[in-house]
Amino acid sequence: MAQKNKKQKPRHKSKRSRKQESGGRLDKQFNVGSKAIAQSKASRRNKTSQKRHNNKQKLLESRRSNAPRVTGIVPLSENIDTRETLVWLTQGNMDSIEEGELNFHEPITYESTPITFVACDTSLQDILDVSLYCDVILFAVDATEGQDAFGKQVQQMLEHTGVSIAMICLLNMHTIPKKQHAQMRKDALGIIDSSFAGKLRVFTQPPIDEFPTQLSDFRSFHRFVTEQRVVEPLAWREERGYLVGHEVEYEPDEEDVGFGTLQVSGFVRGAPITANNPVHLMGYGDYAIKSIEVVPAPFGSKKTKEERVYEPEEEVDMTAFYDVDLLNQEQTWPTADEILRAEKEQKEMKARFIYGDERLDKSDDEEEEEFEDEETLKKRREMMELEEELMDAYADSDFEPEEDEGKEDLKEWELALQSQVDYAQRSLLESAPQMEKRSHEDLEWPDEVDTPLDARLKFCQYRGLESFRHSRWDPSDDRPTDYQRIFEFDDFSQARLHTLKASMFNPIEVGSFVVVTIEKVPAIETWPIMFFLNPHEHRWSVIHVNMKLHDEVVDSIELGSSFSLQMGFRRFNIKPVISETVRNCRKRKLARFMHPGKDYQFTFYAPISFSQVPVMTFDEEGIQAFGTFHDVNPDALVIERVIFTGYPYRMKKRTIGIRMMFWKAEDIKFFKSVNLWTKDGAQGRISSSIGLYGRFKAMFDRPVNANDTICMSIYKRSFPKWEDTEQVLIKEPRVVIGNHDERERIVVEDRYEEYDMMMDME
């Protein structure tokens, strides 16, 4: 009889057995964040086919769009005149173009696709403004001179903001032998090959005399512009609708002098738009939309058959910020424990409250003396304290005072007094070398300051912390009155997500030709460019942007310096609060200098933005720093740290005598509850004061080396100032200031659940 073994009964099936049982069929497919859907092979093929069909339709719709491709002509050298290139591309007349103006040419239709040309001058900020709305950037390069320092800055600036399609036009090629033309084209292509994505082309501009005859590069250029596909669209620009003006009509208001009604026609670009949100007129501020009329396009193969008019469903609230109620300074009502603690702290002359510390008890006699007249008891108290401290010093066997110790203390105090008197005179004589010296000192000894004579008065608003990373700091504590002006979100990240979802369902589609009407607009002097805002993007709050100095900037920038900042399509003159990141910590530390090669964050007041727009700063020499928008968060903690330093002069095991940290016994008493630390890692506390001129005893957790430095850190939260932000506009609109009593937090709810269904179908 053959042997039969017991059949195995494993708890889990092997991959081979499951594959044999399934017969090649796949398991259920699970989509993250949605329900589990079982898909057969036919359903998967159908879904892939639908996705391919949708992508093809989107591509065809983009190519059939009526909107002309806006082409900006950007010089890569300061001595290039882009008007000549504009004349060549438009086959126009040089005399018809005025000098010194930003030249918009009427759209030229080539093979049913219109093209609009914009010529830029040699101004970095004008070039940046043009790049914000152009579809194609044509770099004009002189073949004899090449790219200069100005051209390098232009290239780096546009690389940061992003370019959809980039091309090169070579000028003065007729002055170079034909044998070198191929190499010149190759060298020109290498200028932007690594900076911009997509297929790159190089075109040659003929001399002015040969404009009507040589049309080979002219026709190839127009063909390339019309057929070129955008490889990487700019994400921050595709998240909102924008419009390049085609026709403009302005009607002054007879009753309101200086203002009127503006009508701008053009094609909707970027994202769908609605009349329920404000619009930003580039260079003139934010305005409420009166109406948007969809009309047939004046040119193009795809024309709108139905005319529709969209008006706001309700009146748009254009409140930019609130007024300040000086009678409402208290942000929160104190609790009973806080009141008792405040009454107790009024009786004690010590540092600010430190979390986790034990307060020293006083006798009743000492508490009664503090409420007596200090003018009559001042001398008596000082003599009593001096007598007690001298008795303690002589009685303590660890310290043996020398005969000249009192004279040394007096001499140190006099030197400190003289240094404080000369401080104002020295500050007036500071120059560039002094600035460089202080920048170097900030790198070597960050946050260390010279202790003034009355430290308790100058640093009375500072507090001590057990740990900068882990100690709790209430974000609503000590808020300035400027915080009454701004808007706040319950959750900005969720509000951004839901707002960008909602913009996909706006009624007016991309590619529609519309006429936008806005009221109470000053007389405009430039060609109108409109950016349609998302909800709440005209309101002001606390903005944070990540910044880094340009590679060519060598000198450090001090805190409090002015910056000309471009954030997306808005421009400001600001004095921001500069901070740097602390690893594994939500708090940010105030930076007194902005050094090259390091990442920093600017904090200032500005209108809200839901898009990750590029940020740049400029100075007289050109680009100063690059960055990107971070978030909107008034509760972000930017903490200023101040470090006092002293030196040991007596040591007995763990008891140390310290000098040159303070200059008065009152300052030691005020900061007695703040922890001490050394640069070698020891931790300690102040025990008692010695004498009247700033010496004291301290107890540490381990012995301290004689060459070590004793430090004390105190902290204060820093806030931006409202008057340090100025929005740069050609003409300012009328700003709507809301009532402080109506102030409330912004809550954005997700009411667009069909968005997830549409994404699954795609």
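**Salt bridges and their surroundings**

Mentor: A network of salt bridges links D447, E580, K589, R592, E640 and R641. Keep in mind that this is a predicted model.

Trainee: What makes the contact between D447 and R641 a salt bridge?

Mentor: The cut-off is 4 Å between a side-chain nitrogen of Lys or Arg and a carboxyl oxygen of Asp or Glu. For D447 and R641 the N to O distance is 2.8 Å, so the pair meets the rule. D447 sits in the loop between α14 (432-444) and α15 (455-458) and R641 in strand β28 (residues 638-652), so their bridge ties together parts 194 residues apart in sequence.

Trainee: Why is D447 called buried?

Mentor: Buried means under 20% relative accessible area. D447 has 3%, so it counts as buried.

Trainee: Which residue does D667 pair with, and how do you know that it is a salt bridge?

Mentor: The partner of D667 is R456, and their closest N and O atoms are 2.9 Å apart; the limit is 4 Å, so the label holds. This pair links distant parts of the chain, with D667 in helix α17 (residues 665-670) and R456 in helix α15, 211 residues apart. D667 has a relative accessible area of 0%, so it is buried.

Trainee: What does the bridge between E537 and R240 tie together?

Mentor: The side chains of E537 and R240 meet at 2.7 Å, N to O. E537 lies in the loop between β17 (529-532) and β18, while R240 lies in the loop between α8 (235-238) and β8 (242-244), so the bridge joins parts that are 297 residues apart in sequence. Both E537 and R240 are buried.

Trainee: How many salt bridges does the rule give?

Mentor: The count comes to 24.

Trainee: Now the surface. What makes E436, D555, D619, E620 and E621 a negative patch?

Mentor: Asp and Glu count as negative, and a patch takes residues with over 30% relative accessible area and no salt bridge, like charges being joined within 9 Å. These five form such a negative surface patch. Take D555, which is in the loop between β18 (540-549) and β19 (557-558): its relative accessibility is 60%, so it counts as exposed, the cut-off for that word being over 50%.

Trainee: Are C460 and C585 buried or partly exposed?

Mentor: C460 has 37% relative accessibility, so it counts as partly exposed. C585 has a relative accessible area of 15%, so it is buried. As for disulfides, a search of the whole structure finds zero.

Trainee: Why is helix α3 described as mostly covered?

Mentor: Eight of the nine residues of α3 (residues 82-90) are buried. Among them are R83, W88 and L89.

Trainee: What makes the phi of N172 and of K653 worth a look?

Mentor: Most residues other than glycine have a negative phi. N172 is not a glycine, yet has a positive phi of about 60°. K653 also has a positive phi, near 55°, and is a residue other than glycine.

Conventions. Residues are numbered from 1 along each chain as its sequence is written. This is a predicted model: local features need pLDDT of at least 70, side-chain atom pairs count only at pLDDT 80 or more; totals for chains, interfaces and linings use all residues. Side-chain values use heavy atoms; hydrogens and water are left out. Patches are made of residues with over 30% relative accessible area and no salt bridge: like charges are joined within 9 Å, nonpolar side chains (Val, Leu, Ile, Met, Phe, Trp, Tyr) within 5 Å. Accessible areas come from the Shrake-Rupley method with a 1.4 Å probe; for residues, only the protein chains shown count as cover. The place of a charge is taken as NZ of Lys, CZ of Arg, CG of Asp or CD of Glu. Helices (H or I, at least four residues) and strands (E, at least two) are DSSP runs, numbered from the N terminus. Buried means under 20% relative accessible area, exposed over 50%, partly exposed in between (1.4 Å probe, protein chains only). A disulfide is a pair of cysteine sulfur atoms within 2.5 Å.
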